[in-house]
Amino acid sequence: RTPLNAIVGFSQLLAERIDPRERHELVEIIDSNNSDVASIDQWIILDLAKLNLVRWISSSRYEHKRGDQ
C-alpha cells in the first residue's frame with residue numbers, strides 16, 4: 001500500500017528468492033520505492049518547516065500587538 005510496505009515486503013521476498021533474474025527485479029522495485037520514501041520525507045520536512053514558520057510569524061504578530069497596548 002505504501003512505499004515503505006513495499007520495501008519491507010520485497011526485501012523479505014528477496015531473501016527467499018534464488019533466481020538471479022527475480023532478485024534483480026525485486027531489487028529494482030525496492031530501489032524505486034526507496035526513492036519514493038525519500039521524496040515523501042522531504043515533503044514532510046518542508047511542510048513542518050512551513051508550519052513552524054507560520055506559527056512563529058503568528059506569535060510575533062501577537063507579541064507585537066500586545067506590546068502596542
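Modeller: One term first: buried means under 20% relative accessible area, exposed means over 50%, and partly exposed is in between, with a 1.4 Å probe and protein chains only. This is a predicted model, so local features need pLDDT of at least 70 and side-chain atom pairs count only at pLDDT 80 or more, while totals for chains, interfaces and linings use all residues. Residues are numbered from 1 along each chain as its sequence is written, and side-chain values use heavy atoms, with hydrogens and water left out.

Colleague: How many helices and strands does the protein have?
Modeller: Two helices and zero strands. Both terms refer to DSSP runs numbered from the N terminus: H or I with at least four residues for helices, E with at least two for strands.

Colleague: Which residues of H1 are buried?
Modeller: Pro3, Ala6 and Ile7. They sit on the same side of H1 because they cover an arc of only 100° around the axis. That arc is taken over the directions from the helix axis to the C-beta atoms.

Colleague: And what does the face turned away from the buried side of H1 carry?
Modeller: The exposed residues Leu4, Ala15 and Glu16.

Colleague: How far does H1 reach from its first C-alpha to its last?
Modeller: 20 Å over 14 residues, 3–16, close to the 20 Å expected at 1.5 Å a residue. The expected span is 1.5 Å times one less than the number of residues.

Colleague: Back to Pro3. What does Pro3 touch?
Modeller: Leaving out residues up to four places away in sequence, Pro3 touches Asn33, Asp36, Val37 and Ile40. Contact means heavy atoms within 4.5 Å. Pro3 counts as buried because its relative accessible area is 17%.

Colleague: And Asn33, buried or exposed?
Modeller: Buried, at 14% relative accessible area. Asn33 is in helix H2, and its C-alpha is 4.8 Å from that of Pro3, 30 residues apart along the chain.

Colleague: Switching to the surface. Which residues form the nonpolar patch?
Modeller: Ile40, Ile44, Leu48 and Leu51, with about 370 Å² of accessible area together. Areas come from the Shrake-Rupley method with a 1.4 Å probe; for residues, only the protein chains shown count as cover. Leu48 is in H2, residues 20–68, and is partly exposed at 48%.

Colleague: What share of the protein is buried?
Modeller: Buried residues make up 9% of the 69 residues. The protein exposes about 6100 Å², with carbon and sulfur atoms supplying 57%.

Definitions and conventions:
Patches are made of residues with over 30% relative accessible area and no salt bridge: like charges are joined within 9 Å, nonpolar side chains (Val, Leu, Ile, Met, Phe, Trp, Tyr) within 5 Å. A salt bridge is a side-chain nitrogen of Lys or Arg within 4 Å of a carboxyl oxygen of Asp or Glu.
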